[in-house]
Amino acid sequence: MKLKKYPKADLNRNSGLYFVIGLALVLFLTWRALEFKTYKKDVQERRIVEILEAPKEDVPIVEAFKLPPPPPPPAAPAIIQVVEDVVEIEETVIQSTESSQEAIIEKPIIKVEEIEVVEEEEILEVPFAIIENVPVFPGCDKKISNEEQKECFQAKVMEHVRRNFTYPEAAIELGIQGRVYVQFVIDTKGNITNIATRGPHAYLEKEAHRIISSLPPMTPGKQRGRAVKVPYNMPITFRLEDG
(Lines give C-alpha, C1' and ligand atoms only; values in the text may rest on other atoms or scores of the structure.)
Protein backbone atom coordinates (compact mmCIF):
# COMPACT_ATOMS: atom_id res chain seq x y z
CA MET A 1 0.00 0.00 0.00
CA LYS A 2 1.34 3.39 -0.98
CA LEU A 3 1.87 5.83 1.80
CA LYS A 4 0.06 9.16 1.68
CA LYS A 5 2.02 12.31 1.01
CA TYR A 6 0.88 13.95 4.28
CA PRO A 7 -0.07 11.29 6.83
CA LYS A 8 -0.90 13.90 9.48
CA ALA A 9 -3.62 15.41 7.21
CA ASP A 10 -6.00 12.50 7.71
CA LEU A 11 -9.48 14.07 7.97
CA ASN A 12 -11.12 11.02 9.47
CA ARG A 13 -8.81 11.07 12.45
CA ASN A 14 -10.87 13.64 14.49
CA SER A 15 -14.30 13.00 12.97
CA GLY A 16 -15.68 11.65 16.30
CA LEU A 17 -14.62 14.80 18.13
CA TYR A 18 -16.20 17.04 15.49
CA PHE A 19 -19.42 15.05 15.69
CA VAL A 20 -19.61 15.43 19.51
CA ILE A 21 -18.94 19.20 19.25
CA GLY A 22 -21.59 19.64 16.56
CA LEU A 23 -24.12 17.61 18.53
CA ALA A 24 -23.46 19.66 21.66
CA LEU A 25 -23.87 22.91 19.69
CA VAL A 26 -27.18 21.77 18.18
CA LEU A 27 -28.48 20.74 21.62
CA PHE A 28 -27.45 24.12 23.08
CA LEU A 29 -29.24 26.06 20.33
CA THR A 30 -32.35 23.88 20.70
CA TRP A 31 -32.41 24.49 24.48
CA ARG A 32 -32.07 28.26 24.01
CA ALA A 33 -34.89 28.27 21.44
CA LEU A 34 -37.20 26.47 23.86
CA GLU A 35 -36.33 28.82 26.73
CA PHE A 36 -36.77 32.00 24.67
CA LYS A 37 -39.70 34.17 25.87
CA THR A 38 -41.30 37.33 24.59
CA TYR A 39 -43.06 39.95 26.73
CA LYS A 40 -45.78 42.37 25.80
CA LYS A 41 -44.95 46.03 25.93
CA ASP A 42 -46.43 47.94 28.83
CA VAL A 43 -49.52 49.87 27.79
CA GLN A 44 -49.96 53.13 29.60
CA GLU A 45 -53.47 54.46 30.03
CA ARG A 46 -54.33 58.11 29.91
CA ARG A 47 -57.43 59.20 31.80
CA ILE A 48 -59.34 61.95 30.09
CA VAL A 49 -62.51 63.74 31.10
CA GLU A 50 -64.43 65.84 28.63
CA ILE A 51 -67.08 68.35 29.67
CA LEU A 52 -69.57 69.35 27.05
CA GLU A 53 -71.91 72.26 27.13
CA ALA A 54 -75.25 71.71 28.79
CA PRO A 55 -77.84 70.32 26.35
CA LYS A 56 -81.00 72.26 25.70
CA GLU A 57 -83.26 69.42 26.61
CA ASP A 58 -83.83 68.58 30.26
CA VAL A 59 -82.76 65.21 31.57
CA PRO A 60 -85.88 63.36 32.72
CA ILE A 61 -85.81 62.16 36.29
CA VAL A 62 -87.99 59.21 37.20
CA GLU A 63 -89.42 59.27 40.71
CA ALA A 64 -91.19 56.35 42.33
CA PHE A 65 -94.49 57.37 43.89
CA LYS A 66 -95.77 55.46 46.88
CA LEU A 67 -99.34 54.33 46.25
CA PRO A 68 -101.85 54.52 49.12
CA PRO A 69 -102.93 51.23 50.70
CA PRO A 70 -106.12 49.63 49.33
CA PRO A 71 -109.36 50.47 51.15
CA PRO A 72 -110.51 48.02 53.85
CA PRO A 73 -113.12 45.44 52.86
CA PRO A 74 -116.77 46.35 53.54
CA ALA A 75 -118.11 45.37 56.93
CA ALA A 76 -120.21 42.24 57.19
CA PRO A 77 -123.95 42.88 57.32
CA ALA A 78 -125.65 42.75 60.69
CA ILE A 79 -127.37 39.55 61.73
CA ILE A 80 -131.04 39.64 60.78
CA GLN A 81 -133.32 38.20 63.43
CA VAL A 82 -136.32 36.35 62.06
CA VAL A 83 -139.47 37.05 64.11
CA GLU A 84 -142.34 34.65 64.06
CA ASP A 85 -145.76 35.94 62.95
CA VAL A 86 -147.38 35.14 66.29
CA VAL A 87 -145.23 37.68 68.07
CA GLU A 88 -146.79 41.11 68.10
CA ILE A 89 -144.43 43.89 67.05
CA GLU A 90 -145.14 47.41 68.08
CA GLU A 91 -145.09 49.68 65.14
CA THR A 92 -143.10 52.86 65.47
CA VAL A 93 -145.10 55.95 64.80
CA ILE A 94 -143.23 58.23 62.46
CA GLN A 95 -144.15 61.80 62.95
CA SER A 96 -144.26 64.08 59.97
CA THR A 97 -141.41 66.54 59.69
CA GLU A 98 -143.30 68.89 57.43
CA SER A 99 -144.12 72.22 58.95
CA SER A 100 -147.42 73.94 58.52
CA GLN A 101 -147.86 77.45 57.17
CA GLU A 102 -148.82 78.74 60.60
CA ALA A 103 -145.68 77.42 62.31
CA ILE A 104 -143.03 80.00 63.20
CA ILE A 105 -139.48 79.00 62.34
CA GLU A 106 -136.77 80.55 64.44
CA LYS A 107 -133.44 81.23 62.79
CA PRO A 108 -130.49 79.71 64.66
CA ILE A 109 -127.84 82.08 65.85
CA ILE A 110 -124.43 81.12 64.43
CA LYS A 111 -121.35 82.63 66.01
CA VAL A 112 -118.52 83.18 63.54
CA GLU A 113 -115.06 83.50 65.02
CA GLU A 114 -112.31 85.40 63.32
CA ILE A 115 -110.31 83.16 60.99
CA GLU A 116 -106.64 83.92 60.59
CA VAL A 117 -105.47 83.46 57.00
CA VAL A 118 -101.80 82.47 56.71
CA GLU A 119 -100.28 82.88 53.28
CA GLU A 120 -97.82 80.09 52.52
CA GLU A 121 -94.84 81.29 50.58
CA GLU A 122 -94.40 79.30 47.37
CA ILE A 123 -90.83 78.69 46.30
CA LEU A 124 -90.56 78.90 42.53
CA GLU A 125 -88.16 76.98 40.30
CA VAL A 126 -86.85 78.88 37.25
CA PRO A 127 -84.65 77.28 34.55
CA PHE A 128 -81.08 78.53 34.26
CA ALA A 129 -81.56 79.66 30.64
CA ILE A 130 -84.36 82.17 31.34
CA ILE A 131 -83.74 83.37 34.89
CA GLU A 132 -83.31 87.12 35.34
CA ASN A 133 -80.35 86.86 37.76
CA VAL A 134 -78.38 83.61 37.56
CA PRO A 135 -76.68 82.16 40.66
CA VAL A 136 -73.30 83.79 41.28
CA PHE A 137 -70.37 81.38 41.52
CA PRO A 138 -67.60 82.45 43.95
CA GLY A 139 -65.17 84.54 41.94
CA CYS A 140 -67.77 85.84 39.47
CA ASP A 141 -68.86 88.79 41.65
CA LYS A 142 -67.27 91.39 39.39
CA LYS A 143 -69.37 90.41 36.36
CA ILE A 144 -72.05 92.99 35.65
CA SER A 145 -74.46 91.66 33.03
CA ASN A 146 -76.51 88.47 33.39
CA GLU A 147 -74.89 86.96 30.26
CA GLU A 148 -71.43 87.50 31.72
CA GLN A 149 -72.57 85.85 34.93
CA LYS A 150 -73.84 82.84 32.95
CA GLU A 151 -70.55 82.43 31.07
CA CYS A 152 -68.54 82.82 34.28
CA PHE A 153 -70.78 80.29 36.08
CA GLN A 154 -70.38 77.65 33.37
CA ALA A 155 -66.61 78.19 33.13
CA LYS A 156 -66.18 77.90 36.91
CA VAL A 157 -68.25 74.71 37.09
CA MET A 158 -66.20 73.09 34.30
CA GLU A 159 -62.96 74.16 35.97
CA HIS A 160 -64.16 72.65 39.25
CA VAL A 161 -64.96 69.33 37.55
CA ARG A 162 -61.53 69.14 35.86
CA ARG A 163 -59.69 70.02 39.06
CA ASN A 164 -61.54 67.50 41.25
CA PHE A 165 -61.87 64.72 38.65
CA THR A 166 -60.56 61.23 39.56
CA TYR A 167 -61.18 58.26 37.26
CA PRO A 168 -62.49 55.32 39.38
CA GLU A 169 -59.89 52.54 39.58
CA ALA A 170 -62.58 49.85 39.31
CA ALA A 171 -63.87 51.46 36.10
CA ILE A 172 -60.31 51.49 34.67
CA GLU A 173 -59.83 47.78 35.39
CA LEU A 174 -63.15 46.93 33.73
CA GLY A 175 -62.62 49.36 30.83
CA ILE A 176 -65.82 51.28 31.60
CA GLN A 177 -66.26 54.64 29.89
CA GLY A 178 -69.11 56.81 28.62
CA ARG A 179 -71.12 59.96 29.28
CA VAL A 180 -72.90 60.75 32.55
CA TYR A 181 -75.74 63.29 32.54
CA VAL A 182 -75.92 65.28 35.76
CA GLN A 183 -78.78 67.46 37.02
CA PHE A 184 -78.70 69.47 40.23
CA VAL A 185 -80.62 72.36 41.83
CA ILE A 186 -79.21 75.51 43.43
CA ASP A 187 -81.72 76.28 46.20
CA THR A 188 -82.79 79.64 47.62
CA LYS A 189 -79.80 79.60 50.02
CA GLY A 190 -77.25 78.88 47.28
CA ASN A 191 -76.60 75.25 48.28
CA ILE A 192 -76.37 72.33 45.83
CA THR A 193 -79.33 69.95 46.25
CA ASN A 194 -81.30 67.24 44.39
CA ILE A 195 -78.31 65.81 42.51
CA ALA A 196 -79.40 63.21 39.94
CA THR A 197 -77.08 61.25 37.63
CA ARG A 198 -77.69 58.97 34.67
CA GLY A 199 -74.83 57.09 32.98
CA PRO A 200 -73.56 53.76 31.63
CA HIS A 201 -72.36 52.42 35.01
CA ALA A 202 -72.77 53.07 38.73
CA TYR A 203 -69.00 53.68 39.16
CA LEU A 204 -69.11 56.67 36.82
CA GLU A 205 -72.39 57.97 38.28
CA LYS A 206 -70.93 57.84 41.80
CA GLU A 207 -67.85 59.83 40.76
CA ALA A 208 -69.97 62.45 38.97
CA HIS A 209 -72.19 62.76 42.07
CA ARG A 210 -69.10 63.23 44.27
CA ILE A 211 -67.70 66.01 42.06
CA ILE A 212 -70.96 67.98 41.88
CA SER A 213 -71.67 67.62 45.61
CA SER A 214 -68.31 69.30 46.34
CA LEU A 215 -69.33 72.53 44.56
CA PRO A 216 -69.04 75.55 46.88
CA PRO A 217 -72.08 77.53 48.15
CA MET A 218 -73.18 80.30 45.78
CA THR A 219 -75.32 83.40 45.77
CA PRO A 220 -78.83 82.12 44.88
CA GLY A 221 -80.51 83.07 41.63
CA LYS A 222 -83.28 85.66 41.67
CA GLN A 223 -86.44 86.20 39.65
CA ARG A 224 -88.09 89.64 40.05
CA GLY A 225 -85.89 90.32 43.06
CA ARG A 226 -86.92 87.11 44.84
CA ALA A 227 -84.62 84.14 45.52
CA VAL A 228 -85.73 81.02 43.60
CA LYS A 229 -84.53 77.50 42.91
CA VAL A 230 -82.47 77.10 39.73
CA PRO A 231 -81.99 73.65 38.09
CA TYR A 232 -78.86 73.09 35.99
CA ASN A 233 -77.91 70.24 33.63
CA MET A 234 -74.49 69.22 32.34
CA PRO A 235 -72.90 66.09 30.80
CA ILE A 236 -69.53 64.67 31.95
CA THR A 237 -67.72 62.31 29.56
CA PHE A 238 -65.40 59.61 30.97
CA ARG A 239 -62.98 58.29 28.36
CA LEU A 240 -59.94 55.96 28.41
CA GLU A 241 -57.20 56.22 25.79
CA ASP A 242 -54.29 53.84 25.16
CA GLY A 243 -50.99 55.66 25.06
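Select Gln223 to begin: apart from neighbours within four places in sequence, Gln223 is in contact (heavy atoms within 4.5 Å) with Val126, Ile130, Ile131, Glu132 and Val228. The model is predicted, and its local features need pLDDT of at least 70, side-chain atom pairs count only at pLDDT 80 or more, and totals for chains, interfaces and linings use all residues. Residues are numbered from 1 along each chain as its sequence is written, and side-chain values use heavy atoms, with hydrogens and water left out.

Gln223 belongs to strand β4 (residues 222-223); helices (H or I, at least four residues) and strands (E, at least two) are DSSP runs, numbered from the N terminus. The side chain of Gln223 reaches the backbone nitrogen of Glu132 at 3.0 Å.

Select Arg239 next, in strand β6 (residues 230-242). Is Arg239 buried or partly exposed? Its relative accessibility is 30%, so Arg239 counts as partly exposed. On this scale, buried means under 20% relative accessible area, exposed over 50%, and partly exposed in between (1.4 Å probe, protein chains only). Now show Gln177 as well: the C-alpha atoms of Arg239 and Gln177 are separated by 5.1 Å, although the two residues are 62 residues apart along the chain.

Continue to the salt bridges. Side chains of opposite charge can pair when their charged atoms come close. A salt bridge is a side-chain nitrogen of Lys or Arg within 4 Å of a carboxyl oxygen of Asp or Glu, and by this rule the count comes to 2 salt bridges.

For one of them, select Glu159 and Arg163, whose side chains meet at 3.5 Å, N to O. These residues are 4 residues apart in helix α2 (residues 146-164), so they are separated by about one helical turn. Glu159 is partly exposed at 39% relative accessible area, whereas Arg163 is exposed at 56%.

Then select Arg210 and Glu207, which form a salt bridge with their closest N and O atoms 2.6 Å apart. Both lie in helix α4, 3 residues apart, about one turn of the helix. Arg210 is partly exposed at 37% relative accessibility, while Glu207 is buried at 10%.

Finally, display the whole of helix α4 (residues 202-213). Which residues of α4 are buried? They are Leu204, Glu207, Ala208, Ile211 and Ile212. Seen down the axis of α4, these buried residues fall within an arc of 130 degrees, so they line one face of the helix; the arc is that of the directions from the helix axis to the C-beta atoms.

Technical notes. Expected span 1.5 Å × (residues − 1). Polar contact = N/O pair within 3.5 Å; in protein donor to acceptor, adjacent residues only side chain to side chain.
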